[in-house]
Amino acid sequence: MTDRFAAPRPVPKPGILDIAPYKPGKAAAEGVVDPVKLSANENILGSSEKARAAYAEAAGQLNLYPAGRADILRGAIAEKYGLEPERLLFGCGSDEIFQLLNQTFLEPGDNMIQGAHGFAAYAIGARACQGIVKYAPEKDYRIDVDALLEQVDERTRLIFVANPANPTGTFIDADEVRRLHESLPASVVLVLDGAYAEFNTDPGYEDGLSLARNAENIVVTRTFSKIHGLAALRVGWSYMPTEMAAAVDRIRLPFNINIPAQLAAVASLHDDDFAARSVALVEQWRPWLTQQISGLGLDVVPSAANFVLVGFPAAPGKTAVDAEAFLASKGLLTRGVGNYGLPDHLRITIGLEQHNRAVVDGLAEFMSR
Ligand SMILES: *Cc1c(COP(=O)(O)O)cnc(C)c1O
């Protein structure tokens, strides 16, 4: 072991410098004025007018600390979803909730499990706790329940499953989720990340809230960043057993959801029309994009979210990296996902009609060059 005390300057604890920094979707491209950002799965419709009005009105309260337990928002979520208020926990984005769960359950040497192409934020938090991250192989870019279960050992504390998943867009149905839960030791926390739940309209899908209601080891997380278009305000929420919520709450920062964010989130919850329009846009263009891009000879992974994952050939000039650069030169920012073990794929957020048509036209030109 290195002697950190004798070092000539402060040395981070083991593991910290092995963590790859989180890479956000690109917001700019060289030489491109006003690009269309299709790289971060944001809501292309913006956000609810009601939310924006509530946010502006909150300017009168900037001198005040928020209620420590996000009381305004807690009441609104409990009512809208029919959930017990004491079982809710809020985070600065669902990202903070993942972090808090890792901190609550992982000791150095414990492990958490996620899919091979699982969301990066889970692993960053686990490694910061000196936890070990295990990756279970996926089949056809989809979570494989048996592969997850195979990784479980006596040091396993958490399993993270985004359903639908990012960056693949795939999902596992309610029966598979139930089977995963039933096969897990009672001590292992199953985290079901429903960041894209609203966009999955498949009848076989469930968001996990009803399964979580009677389970002692399920956490469901949700976010205002996607369907509600409030990514800038950083509001996530989660539903978990009462004792777990009470434990995790001990290490949460006291005022983690600010007042303007809470008020905008509550207003958003009351704007069903905006949410419905957001889902309708995705439902209209997701099949069209899938069909058109497949028609160009590219692989499109069937998506249940507000983006599509496109596979490119490995041939020089035709790779995902080439395509990302080509689309960026046309003002279309997409997301390379090599850091998710998918070097041959690009993730593209579903946009407005003109954006989607521009993506297909751009890819057609790219493929025929
Ligand atoms: C976007 C996203 C989230 C939401 O993160 P926030 O911190 O709530 O903005 C959570 N999980 C996945 C898989 C995502 O893609």
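In the predicted model, helix 1 (residues 49–57) and helix 9 (residues 259–269) cross at roughly 155°, and their axes come within 8 Å. Because angles over 145 degrees count as roughly antiparallel, the two helices are assigned to that class. The crossing of helix 1 and helix 9 is right-handed. Helix 1 contributes Lys 50, Ala 51, Ala 54 and Tyr 55 to the contact, and helix 9 contributes Pro 260, Leu 263, Ala 264, Ala 267 and Ser 268. By class, seven of these residues are nonpolar, one is polar and one is charged.

Aromatic pairs were also examined, and twelve were counted. In one of them, the ring centres of Tyr 81 and Trp 237 are 4.9 Å apart with the planes at 50°, so the pair is classed as tilted. Tyr 81 belongs to helix 2 (residues 71–81) and Trp 237 to strand 8 (residues 235–239); the pair therefore ties together parts separated by 156 residues in sequence. Tyr 81 is partly exposed, at 25% relative accessibility, whereas Trp 237 is buried, with a relative accessible area of 2%.

A tilted pair is also formed by Phe 326 and Phe 366, with a centre-to-centre distance of 5.7 Å and 45° between the planes. This pair links distant parts of the chain, since Phe 326 lies in helix 11 (residues 320–329) and Phe 366 in helix 12 (residues 353–368), 40 residues apart. Phe 326 is buried at a relative accessible area of 11%, and Phe 366 counts as buried at 0% relative accessibility. Elsewhere, ring pairs join Tyr 22, Phe 98, Phe 119, Tyr 122 and Phe 160 into a cluster.

Key:
Residues are numbered from 1 along each chain as its sequence is written. This is a predicted model: local features need pLDDT of at least 70, side-chain atom pairs count only at pLDDT 80 or more; totals for chains, interfaces and linings use all residues. Side-chain values use heavy atoms; hydrogens and water are left out. Axes are lines fitted to C-alpha atoms, for helices over the stretch in contact, and angles run from 0 to 180 degrees between N-to-C directions. Helices (H or I, at least four residues) and strands (E, at least two) are DSSP runs, numbered from the N terminus. Angles under 35 degrees count as roughly parallel, over 145 as roughly antiparallel, 65 to 115 as roughly perpendicular and the rest as oblique. A crossing is left-handed if the near helix is turned anticlockwise from the far one by less than a right angle, and right-handed if clockwise. Contact means heavy atoms within 4.5 Å. Ala, Val, Leu, Ile, Met, Phe, Trp, Tyr, Cys and Pro count as nonpolar, Asp, Glu, Lys and Arg as charged, and the others, Gly among them, as polar. Rings of Phe, Tyr and Trp (its six-membered ring) pair if their centres lie within 6.5 Å; planes under 30 degrees apart count as stacked, over 60 as edge-to-face and the rest as tilted. Buried means under 20% relative accessible area, exposed over 50%, partly exposed in between (1.4 Å probe, protein chains only).
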